[in-house]
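Here are a few notes from going through the model. Have a look at it first, then see whether you read these spots as I do.

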Amino acid sequence: MRESGPTFSRLRRWSISLNVALSTIAVLALVTMINYLASRHYARFAVAAHDRTDFSAITRRTLDSITNVVKVIVYFNRDEPLYDSVWSLLKEYNFANPRIQIQKVDSMRDPGAAERVKAKYNLGQAEKNVIIFDGSAGRHTVYEGELSELDIKPLITGQSREVHRTHFKGELLFTSALQIVTSLRPVKAYFLQGDGEHRPESDEKTVGYSTFTELLKENNVRSDTLNLRGAGEVPADCNLLVIPGPTIPFLDEETEKIQRYLKQGGRVFVLFRFLSAQRPLGLEKMLEQWGVAVGRNRVIDSQNTAKSGSDVIVSKFSNHPLAKPLLDNYLDLIVPRSVGKLEGGATPSDAPRVEVLAWASNGRVVSKLSPGPTPEFQPSSDDFVGEVPLMVAVEKGMIRGVSTDRGSTRIVVVGDSIFLSNGFIENMAHRDFATYAVNWLLARNELLVGLAPRPIKEYKLTMSQSQRRTVSWILLGGMPGSVLFMGMLVWFKRRK
């Protein structure tokens with residue numbers, strides 16, 4: 001029997017091999033070209049119905065304006081409920097502008113990287129779950145507590161012991177942070193001292209203002225202290241004068257200096273406190289010239305309190321640009337005084353515009369002092385009961401005959417100062433209010449645009465103990481068991 005010769009000649013085999021090689025190279029080149037084009041020209045869309053990938057107009061303008069690298073460090077525990085929302089939204093920012101570089105650091109899984117981040121950005125040992133924006137104009141930190149709007153009504157009314165998240169404020173806070181670290185010019189604020197005010201460098205929990213000072217720094221606002229009891233005036237580089245809870249009556253020369261500063265387009269943030277309600281400070285009379293009435297009283301609201309009547313939980317806000325972003329939020333003012341618009345008399349056409357920012361919904365204005373060596377405000381039948389204003393914003397255009405480079409005068413007056421101290425500023429929407437007040441006073445209107453928070457939908461599955469046991473058996477035994485059963489069937493069939 002003769003052996004058959006080779007099916008293909010050597011030339012034929014080489015021709016087939018070369019054809020296969022060239023086809024493979026062509027396919028790889030085609031795949032490479034497709035991936036190259038897809039990486040530069042692509043469309044993205046959300047698969048989940050609740051995801052929203054379209055940015056607001058102000059966010060798109062902000063992203064388009066960024067030309068330098070901005071580092072975003074997500075210093076967050078990945079097991080936290082908000083981590084996925086934070087990370088997915090920041091990836092959208094990165095997709096929209098690759099100059100926004102994102103780095104995630106988990107203190108639990110990567111302690112070495114966490115220590116380096118703490119050292120570089122001066123984070124405290126207990127500080128965690130923050131997003132740090134590091135850009136050419138400075139740094140800004142977004143805290144976990146700022147990212148959500150909370151529904152505390154069931155907690156106040158005793159219906160529930162749980163506080164539920166209702167909205168995610170990521171876009172609002174991240175876009176504001178990008179504007180702060182890329183484009184805002186640095187400005188300077190002065191804390192008035194010498195009249196029993198809160199100290200901006202103090203870490204004391206109840207009366208210290210070091211956290212508020214740090215908030216100014218995060219908003220690209222440098223700060224210093226100022227005493228007007230001497231010969232000096234308000235400095236020319238003062239973009240914002242903060243008067244935090246004075247307790248000692250002002251000298252006439254002090255109020256005159258503040259008045260001159262205001263007439264030159266000054267910006268003042270005044271926070272009163274209850275300790276000064278029993279005697280006038282002089283600030284009250286000065287503010288009357290700007291249309292503001294500061295009461296020598298205390299306001300209580302027995303239906304909206306968390307501390308047995310010593311505080312007022314505020315939930316009613318106006319549509320003023322400062323207060324509008326706070327709608328559906330809460331403030332907890334500690335023993336506040338009433339602050340409203342001065343009523344009575346004709347209002348000139350060039351009078352300052354005074355708008356109430358927030359009210360006590362069911363307030364009582366207690367004005368009667370009890371007799372004795374330590375007089376106290378005692379409720380009486382003469383007290384006003386109803387909606388009580390607690391804070392106002394004042395704005396007045398340039399005053400005729402007064403030269404100014406600052407623009408219009410702006411004032412914010414609040415009937416409490418304790419709620420912005422170290423021990424309370426992180427509660428509810430206190431930090432948000434402080435940020436909005438500072439930005440409005442500094443005419444940073446781009447940071448007051450009401451970017452709508454994303455609603456958070458909660459899905460709750462309620463099961464009895466027996467149902468939970470059944471599900472556990474299905475997951476732990478049924479699913480692996482079904483795979484084993486199918487394997488045994490295949491083995492048995494093959495044996496036949």
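1. Valine 86 counts as buried because its relative accessibility is 0%, where buried means under 20% relative accessible area with a 1.4 Å probe, protein chains only. Valine 86 sits in helix α3 (residues 83–96); helices here are DSSP runs of H or I, at least four residues, and strands are E runs of at least two, numbered from the N terminus. Setting aside neighbours within four places in sequence, valine 86 is in contact (heavy atoms within 4.5 Å) with Val74, Ile131, Leu147, Phe168 and Phe174.

2. A word on the source: this is a predicted model, with local features needing pLDDT of at least 70 and side-chain atom pairs counting only at pLDDT 80 or more, while totals for chains, interfaces and linings use all residues. Residues are numbered from 1 along each chain as its sequence is written, and side-chain values use heavy atoms, leaving out hydrogens and water.

3. Aspartate 301, in the loop between β12 (298–300) and β13 (311–314), is worth a look.

4. Helix α8 (residues 252–263) has 12 residues and spans 17 Å from first C-alpha to last, close to the expected 16 Å (1.5 Å times one less than the number of residues). Its buried residues include Glu254, Lys257 and Tyr261, and among the elements covering the buried residues are β7 (187–192) and β19 (409–414). Glycine 265, with a positive phi near 90°, follows α8.

Technical notes. Buried means under 20% relative accessible area, exposed over 50%, partly exposed in between (1.4 Å probe, protein chains only).
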